[in-house]
Amino acid sequence: MTDNPCVQVSHVSYTYEEGTQPVLKDMSLTVKPGEFLAILGHNGSGKSTLAKLLNGLYLPTGGNILICGMDTQNDDDTWNIRQKAGMIFQNPDNQIVATVVREDVAFGLENMGVPHDEMVERIDNALKVVRMTERAQSEPHMLSGGQKQRVAIAGVLAMQPEIMIADESTAMLDPSGREEVLEVMHRLNREKGMTVIWITHYMEEAAQADRILVVSDGEIALSGTPREVFSQVDRMRELHLDVPHMASLADSLRKDGFPLPSGILTVDEMTEEVCKLLCR
Amino acid sequence: MSIELRHVSYVYSEGSAFAHKALDDINLTIEDGEYVALCGHTGCGKSTLVQHLNGLLAPSEGQVLIDGEDINGDHVDKRRIRQKVGLVFQYPEYQLFEETVAKDIAFGPKNMGLSEKEIEERVRRAMDHVHLSFEKYAHVSPFDLSGGQMRRVAIAGVLAMEPSVLVLDEPTAGLDPRGRDRILGMIRDLHREGHATIIMVSHSMDDVASLASRMVVMMDGKVAKTGTCREVFMDRTLMDQAGLGVPAAARLCTRLREKGLPIPEDLYTTQEVHDAILKLWKEGGKC
């Protein structure tokens, strides 16, 4: 892992229609290779716009974005950027194009003109990583939402990207589907050093990231480790966001004079700290 | 208005190679004025069940009774049943289709053959219930609104029929915390002030814990358990089997009791646990 950023966003603004309010305002951020970055923000905050700017689906109206050193505004690099920075969207049903799982994973590769033998190998690997090998011949509509999202991830993985951008990819899934998809992403991040940019509404998911960015009104409102960000309970509520249940409980207990330390995020941490104070 | 399901079974694609029994001998009564949360993991039959409540699906076996009347009986007017039992599907905003918000909401009342005046009054009342200003939004295209607003328009379209039972299939799925709180607050008001019977399908045990008066847990097409949230959350074996996450506050209670702290075992809201911990602290804490 080097320290050269694989995503560099410099003073980026974005306006949908000329004369309207910008959706993003002079935003700058960097993402390091191997980082798991969560992006939070309420609907309309600009976080999905940011995601679409990162792989060149939208082009900045001001500033510039470098993905692995390539400028998204350089037409010649558009396909290289999309191969390096793969994207997974919200609705599992809108991302499947083929009638058999295996063919769906092959779709991107066929478009890239990958030789047949290599294609087979890449598809097998990708399906193995998302644990869908046994469903390779299934019809996608017979799969659960979580399984469909894993097929979508396999399709992106087969392109061998360095960065995965997931735009609320668990929003339409049930709790077990959500866990499946998040587990795959964390495993990719841990074992293959995949850089992950994880856009979500679920505070518990963001709590597992290396770093959190909170986007509000087209700007970065907060940035830091989950502990740093979720300690700011009042600020998060001002931004119309939640904090994990244990962070909120710790905050209300502290306000009532129970001297818990800051930075509690999980049930385990809470158990430990409460016992320290009560079991004497 | 009470709803009773008697020995209801439902088989998809009956008689074909893909036949699948989605509901298996369901017996369930929902009384007037209840707020029932219907829970269970994907594929357990919840969505199939809610489509039986207003006659969209007819049981393969058994009966659905509303105020004692079999809604699938020979001479029953299904439209009348659907006005009494309003069903809000998952992602209802995908069903918006009219040019303006007001026209979309008026679609149901119009089909009921009401007068223009009555229709407008109902549209106004429905928009009021979902906290959308008539003046500001009535003549706007629904497709220019945010996701949360579109969903509220879709719910208003059902409310405009003024049903006495409101069935919602995962009404907060995909919304941000603010959108979710707005929808849940609105449903709570309809229940408390509008005296509507609410049946809500939900995956979020934390939402359910703070709102529902009763939980119905489904597993493999059967009702696995019904009871207050307290009773259901106490049954950890069932919660695990049904694939439901126990609220974080309830998990914390279990952990603290394992450490020997005298915390009641049946707490499940953050507020309750907060109060219990403070109480121990003020008493000087003891293990």
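Which residues touch the most other members of the largest nonpolar core? In this predicted model, that core comprises 169 residues, and the residues with the most contacts to other members are L37(A), A154(A), W198(A), L38(B), I105(B), V167(B) and I199(B). Helix 6 of chain B, spanning residues 147-159, gives the most to the core, contributing seven residues. Both domain 1 (32-53 + 75-241) and domain 2 (247-287) of chain B supply at least three residues each to this core.

On the chain A side, the surroundings of L37(A) were examined. With residues up to four places away in sequence left out, L37(A) touches V31(A), V196(A), I197(A), W198(A), A209(A), D210(A), R211(A) and L213(A). One of these partners, W198(A), is itself listed with L37(A) among the residues that touch the most other core members.

In chain B, six strands form an open sheet of mixed pairing, arranged in the order 6-7-8-3-9-10. Strand 6 (85-88) and strand 10 (222-227) of chain B are the edge strands, each pairing on one side only. From one strand to the next, the twist averages 15 degrees. Strands of a sheet pair through backbone hydrogen bonds, in either a parallel or an antiparallel manner. Strand 3 (residues 35-39) and strand 8 (residues 197-201) of chain B run parallel and are joined by four bridges. Within this pair, V36(B) stands opposite I199(B) of strand 8, and I199(B) is one of the residues touching the most other members of the core.

Helix 7 of chain B (residues 177-192) lies across strand 3, strand 7 (165-169) and strand 8 of chain B. The helix runs at about 150 degrees to strand 8 of chain B.

Technical notes
Residues are numbered from 1 along each chain as its sequence is written. Chains are lettered from A and ligands numbered from 1 in the order in which they are written. This is a predicted model: local features need pLDDT of at least 70, side-chain atom pairs count only at pLDDT 80 or more; totals for chains, interfaces and linings use all residues. Two strands pair if DSSP finds at least two bridges between them. Helices (H or I, at least four residues) and strands (E, at least two) are DSSP runs, numbered from the N terminus. Axes are lines fitted to C-alpha atoms, for helices over the stretch in contact, and angles run from 0 to 180 degrees between N-to-C directions. Two residues are in contact if their C-beta atoms, placed from the backbone, lie within 7 Å. A nonpolar core is a set of buried Ala, Val, Leu, Ile, Met, Phe, Trp, Tyr and Cys residues joined through C-beta atoms within 7 Å. A residue is buried if 20 or more other C-beta atoms lie within 10 Å of its own, exposed if 12 or fewer, and partly exposed in between; C-beta atoms are placed from the backbone. Domain bounds come from an automatic or database domain assignment.
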